[in-house]
Amino acid sequence: MRKPLVAGNWKMNKLVGESLALVNALKPLVKDVEGVDIVVCPVFTALHAVADALKGSNIQLGAQNCFTRESGAYTGEVSPQMLKDAGCTWTIIGHSERRQYFNESDEFLNEKLRFALASGLKVMFCIGETLEERESGRMNDVLVRQITNGLMGLSEADFDNTSIAYEPVWAIGTGVTATPEQAEEAHAFVRGLVRDQFGEAVADKVRIQYGGSVKPDNVASLMAKPNVDGSLVGGASLKADGFAELVRKSL
Ligand code: PGA
């Protein structure tokens, strides 16, 4: 069985003090939860302080992005080694906001993914179609392209440290969630692509999280689907009680 993975993507929200308040409120609310991998992904500037606050807890720390080199003249970038140094075990790569606002291509994201994995980070690798792509019947083509190019070159062992997050862009931050049936259909399709590219063993073990307006009141019906293995949560991860409830309902 695949262990559920529930991650909070805080995006560009919360100062250091606010980040600490959030994790300090969250810790006691989930401390008895076993059987779910819980991750929070604050902004870069809060990572170090949050890592200290999470020591000894069952909450893991992730970043929201990273670069493809260890160090050097790359102004404004942060390497996987630096993220590990700050206390991260995870990073998100390929979020649709990175693809959309920062023009990150499948090829660049594949480079990031492989470098992050080689550096010893675990990765949540995001994919998903826009509304226009879905409505014009191109959803499957987009997912094929994102999976084929995005995951190129990964080994079977890499999938112990890689989760795929299916996030339909039209459902992110809009309050419109994919129905559990829409999510299941896309997840099954993605798992099939992984099977074609990497074989049965990888397809069976890889976790596929759903993301896009996941809330405490819709998470259980999404998690009930056989191919939904967790969630990547934006807005609803910014409040401790709601996120804790969402984690509990993911069991
Ligand atoms: P949302 O964001 O939960 O606010 O829709 C999800 C995401 O972008 O990861």
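User: How many disulfides does a search of the whole structure find?

Analyst: The search finds 0 disulfides. Take Cys 88: the nearest cysteine sulfur belongs to Cys 41 and is 7.9 Å away. A disulfide requires two cysteine sulfur atoms within 2.5 Å, so Cys 88 is in none. As a reminder, a disulfide is a covalent bond between the sulfur atoms of two cysteines.

User: Happy with that. What should I keep in mind about the model itself?

Analyst: It is a predicted model, in which local features need pLDDT of at least 70 and side-chain atom pairs count only at pLDDT 80 or more, while totals for chains, interfaces and linings use all residues. Residues are numbered from 1 along each chain as its sequence is written, and side-chain values use heavy atoms, with hydrogens and water left out.

User: Is Cys 88 buried or exposed, and what makes it so?

Analyst: Cys 88 has 5% relative accessibility, so it counts as buried. The scale is this: buried means under 20% relative accessible area, exposed over 50%, and partly exposed in between, using a 1.4 Å probe and protein chains only. Cys 126 is also in no disulfide, with the sulfur of Cys 41 as its nearest at 9.3 Å. At 1% relative accessibility, Cys 126 counts as buried.

User: What makes strand 7 count as largely enclosed?

Analyst: 5 of the 5 residues of strand 7 are buried, so the rest of the structure largely encloses it. Arg 207, Gln 209 and Gly 211 point one way, Ile 208 and Tyr 210 the other way, and all are buried.

User: How do you know which strands pair with strand 7?

Analyst: Two strands pair if DSSP finds at least two bridges between them. Strand 6 and strand 7 have 4 bridges in the parallel sense, and strand 7 (residues 207-211) and strand 8 have 2, also parallel. Both counts therefore meet the cut-off of the definition. On the strand 8 side, Tyr 210 stands opposite Ser 231 and Gly 211 opposite Leu 232.

User: What makes the link between Glu 104 and Arg 98 a polar contact?

Analyst: A polar contact is a pair of N or O atoms within 3.5 Å; within protein, one must be able to donate a hydrogen and the other to accept it, and residues adjacent in sequence count only if both atoms are side-chain atoms. The side chains of Glu 104 and Arg 98 are joined at 3.0 Å, so the distance passes. Glu 104 makes another such contact, of 3.1 Å, with the side chain of Lys 112. Glu 104 lies in the loop between helix 4 (96-101) and helix 5 (106-118) and, at 7% relative accessibility, counts as buried.

User: Finally, which groups lie 2.7 Å from an oxygen atom of the ligand?

Analyst: A polar side-chain atom of Lys 11 lies at that distance, and so does one of Glu 167. A polar backbone atom of Gly 173 is 2.6 Å from a ligand oxygen. Taken alone the ligand exposes 280 Å², and the protein buries 96% of that (areas by the Shrake-Rupley method with a 1.4 Å probe; for residues, only the protein chains shown count as cover).
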